[in-house]
Amino acid sequence: MSDVLVEVHDRVAWVTLNRADVRNALSRAVNLRLQDVAASFEHREDIVAIVLTGAGDKAFCAGADLKERKGVPASETAPYLNAIAGAIEAWGAIRKPTIAMMNGSAYGGGLELAMANDFRVIVDDAVVGLTEVQLGIMPGAGGTQRLPRLVGEARAKELILLGRRIGAARAKEIGLVNEVVPRDQLRAAVDALLAELALCAPLSVAAAKSAIERGHGRRLDEGLAIERECYEVTLFSEDRNEGLAAFAAGRPPRYQGR
């Protein structure tokens with residue numbers, strides 16, 4: 001059985017970290033597989049959204065597989081660090097909307113992976129944290145950059161510099177996750193989010209996502225130029241014509257992502 005499962009249903013790719021026995025920890029093999037999986041979505045017109053989750057009910061992802069690294073000298077850890085950073089960067093670079101369906105707690109690299117998604121829906125009994133400083137290291141796969149963008153610098157410093165763990169409700173309060181639900185409602189909440197995405201033109205969603213991410217931190221004039229560039233991608237698309245035709249006819253649009 002693969003450590004990373006991929007299934008496609010109704011134009012949605014469901015990706016599962018399949019290592020429940022080790023709380024879905026990110027081994028080097030898993031990270032390399034995640035890079036390949038992320039790249040495979042680039043040109044697949046049959047996929048309009050991606051959901052990432054973990055197997056079991058204990059953890060979304062416990063982070064890096066520290067047992068795998070045990071005994072490895074610091075001078076020889078580069079392949080492991082490159083693999084986890086590469087996996088998370090590859091996930092963050094997916095142009096289609098991504099959802100972390102967080103079925104449990106997430107620490108370190110597991111939370112960094114969740115933050116690389118566009119949306120995060122989490123069970124109400126989960127705990128999250130970037131706890132690396134308590135292990136003598138620090139977040140090294142995007143945590144120091146993505147967390148401040150989500151929650152602000154002050155709160156990010158609280159979590160990162162103190163290695164704090166917080167519950168799902170607090171994560172929602174500070175903007176780290178989008179939605180907190182009881183465990184038995186997790187799939188329904190994600191399905192509802194997917195249903196909303198299904199009403200939107202895939203090309204438009206991808207273009208808007210690109211404008212947000214490329215414009216973040218830029219001067220306003222630079223951001224507006226990026227927005228205009230991305231807008232023009234949609235202006236001459238088949239989806240735009242379909243959207244206008246559907247509106248005029250009073251019917252639901254049938255978007256194809258072209």
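1. A residue is called buried here when its relative accessible area is under 20%, exposed when that area is over 50%, and partly exposed in between, with a 1.4 Å probe and protein chains only. On that scale Glu132 counts as buried, because its relative accessibility is 9%. Glu132 sits in the loop that runs between strand E8 (127-129) and helix H5 (143-151), where helices (H or I, at least four residues) and strands (E, at least two) are DSSP runs numbered from the N terminus. With neighbours within four places in sequence left aside, Glu132 is in contact with Gly108, Gly109, Glu112, Ile137, Met138 and Pro139, contact being heavy atoms within 4.5 Å.

2. On the basis of the note: this is a predicted model, in which local features need pLDDT of at least 70 and side-chain atom pairs count only at pLDDT 80 or more, while totals for chains, interfaces and linings use all residues. Residues are numbered from 1 along each chain as its sequence is written, and side-chain values use heavy atoms, with hydrogens and water left out.

3. One aromatic pair is found when the whole structure is searched, the criterion being that ring centres of Phe, Tyr and Trp (its six-membered ring) lie within 6.5 Å, with planes under 30 degrees apart counted as stacked, over 60 as edge-to-face and the rest as tilted. The pair is edge-to-face because the rings of Phe41 and Trp91 have their planes at 80 degrees, with their centres 6.3 Å apart. It links distant parts of the chain, since Phe41 lies in the loop between helix H1 (28-40) and strand E3 (49-54) and Trp91 in helix H3 (residues 78-92), 50 residues apart. Both partners are buried, Phe41 with a relative accessible area of 1% and Trp91 at 0% relative accessibility.

4. Trp91 also takes part in the packing of H1 against H3, where the residues in contact include Leu34, Val37 and Ala38 of H1 and Ala83, Ala87 and Trp91 of H3. The axes of these two helices come within 8 Å and cross at roughly 30 degrees, as judged from lines fitted to C-alpha atoms over the stretch in contact, with angles running from 0 to 180 degrees between N-to-C directions. H1 is therefore roughly parallel to H3, given that angles under 35 degrees count as roughly parallel, over 145 as roughly antiparallel, 65 to 115 as roughly perpendicular and the rest as oblique.

5. Helix H9 (residues 202-215) and helix H10 (residues 220-235) have axes that come within 9 Å and cross at roughly 165 degrees, so the two are roughly antiparallel to each other. Among the residues that make this contact are Leu203, Ala207 and Ala211 of H9 and Ile226, Cys230 and Val233 of H10.

6. Ala116, in the loop between helix H4 (109-115) and strand E7 (119-123), counts as buried at 7% relative accessibility. Not counting residues up to four places away in sequence, Ala116 touches Ile88, Trp91, Gly92, Thr98 and Arg146.

7. Two backbone angles deserve a look, because most residues other than glycine have a negative phi. Arg11, in the loop between strand E1 (4-9) and strand E2 (12-17), has a positive phi near 70 degrees and counts as partly exposed at 31% relative accessibility. Asn24, in the loop between E2 and H1, has a positive phi of about 55 degrees, but Asn24 is buried, with a relative accessible area of 1%.
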